[in-house]
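Please give a short report on this protein model.

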Amino acid sequence: MGVSEADQHWMRHALELARKAEREDGEVPVGAVLVAADGTLLAEGGNRNITEHDPSAHAEIVAMRRAGLALGNHRLLGATLYVTLEPCAMCAMAMVHARIARVVYAATDPKTGAAGSVFDLLSDPRHNHRVAVEGGVLADEASAMLTGYFRAKRAKG
């Protein structure tokens with residue numbers, strides 16, 4: 001499919017959400033934006049797992065939960081999810097179950113990425129739905145933000 005101006009626009013929005021999650025709540029800076037097939041914003045979220053003491057409150061899950069509530073449906077057909085870090089296995093499988101059409105991510109996660117780096121859950125032919133993947137959109141900015149966050153955490157001890 002390739003990266004469009006809209007992809008860059010929504011990824012910039014996700015990066016702002018990531019900064020907000022870190023600045024306001026001390027969360028790992030990850031942001032997610034869910035956009036309908038017609039290009040309208042459905043929902044957004046930042047990481048909330050530290051704040052809410054919820055291991056499942058990753059930015060992607062937060063955005064999908066909010067979209068499901070807004071739409072009154074657990075299926076998010078035709079939607080594109082923009083996220084600043086490659087989804088983990090939990091988030092990837094939630095996207096499969098929600099029938100998300102496409103995920104666009106910024107930074108690759110070399111430890112737990114499930115959109116093609118460590119695992120490739122989104123395009124596995126054994127699933128009843130596959131999600132198109134576009135990675136690396138504004139990756140340098142997202143990577144720098146994450147590196148800075150973890151460097152500061154390590155410095156605090």
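**Terms and basis**

Buried means under 20% relative accessible area, exposed means over 50%, and partly exposed lies in between (1.4 Å probe, protein chains only). Helices (H or I, at least four residues) and strands (E, at least two) are DSSP runs, numbered from the N terminus.

This is a predicted model: local features need pLDDT of at least 70, side-chain atom pairs count only at pLDDT 80 or more, and totals for chains, interfaces and linings use all residues. Residues are numbered from 1 along each chain as its sequence is written, and side-chain values use heavy atoms, with hydrogens and water left out.

Start with β4 (102–107). Six of its six residues are buried, so β4 is largely enclosed by the rest of the structure. Two strands pair if DSSP finds at least two bridges between them. β4 pairs with β3 (80–85) in the parallel sense, over five bridges.

β3, α3 and β4 form a right-handed β-α-β unit. A crossover is right-handed if, with the strands pointing away from the viewer, the path from the first strand over the helix to the second runs clockwise.

**Helix α3**

Helix α3 spans residues 89–98. Its buried residues are C91, A92, M95, V96 and A98. They pack against α2, β3 and β4. Contact means heavy atoms within 4.5 Å. An α-helix has 3.6 residues a turn, so residues three or four places apart point the same way. R99 follows α3 and has a positive phi, near 65 degrees.

Leaving aside neighbours within four places in sequence, M95 is in contact with E60, M64, L81, P87, I100, V103, L122, H129 and V131.

**The nonpolar core**

In soluble globular proteins, nonpolar side chains tend to be buried together. A nonpolar core is a set of buried Ala, Val, Leu, Ile, Met, Phe, Trp, Tyr and Cys residues joined through side-chain atoms within 4.5 Å. The largest one here has 46 residues. M95 and I100 have the most contacts inside it. Two or more residues each come from α1 (5–25), β1 (31–35), α2, β3, α3, β4 and α4 (139–156). α1 gives the largest share, six residues.

**Helix α2: R65 and L69**

Helix α2 covers residues 59–71 and holds L69. What is the accessibility of each? L69 is exposed, with a relative accessible area of 72%. R65 counts as partly exposed, at 41% relative accessibility.

R65 is in contact with D54, S56 and A57, leaving aside neighbours within four places in sequence. R65 and G45 are 20 residues apart in sequence and 9.4 Å apart in space, C-alpha to C-alpha. For L69 and V35, the separation is 34 residues in sequence and 14 Å in space, C-alpha to C-alpha.

**Loop residues**

H53 lies in the loop between β2 (41–46) and α2. H53 is not a glycine, yet its phi is positive, about 55 degrees. H53 is exposed, with a relative accessible area of 72%. L138 sits in the loop between β5 and α4. L138 is not a glycine either, and has a positive phi of about 55 degrees. L138 counts as partly exposed, at 23% relative accessibility.

Is D124 buried or exposed? At 10% relative accessibility, D124 counts as buried. Its side chain makes a polar contact with the side chain of R126, at 2.5 Å. A polar contact is a pair of N or O atoms within 3.5 Å; within protein, one must be able to donate a hydrogen and the other to accept it, and residues adjacent in sequence count only if both atoms are side-chain atoms.

**An aromatic pair**

Rings of Phe, Tyr and Trp (its six-membered ring) pair if their centres lie within 6.5 Å; planes under 30 degrees apart count as stacked, over 60 as edge-to-face and the rest as tilted. The count comes to one aromatic pair. The ring centres of Y149 and F150 are 5.0 Å apart and the planes are at 85 degrees, so the pair is edge-to-face. Y149 counts as buried, at 6% relative accessibility. F150 counts as partly exposed, at 36%.
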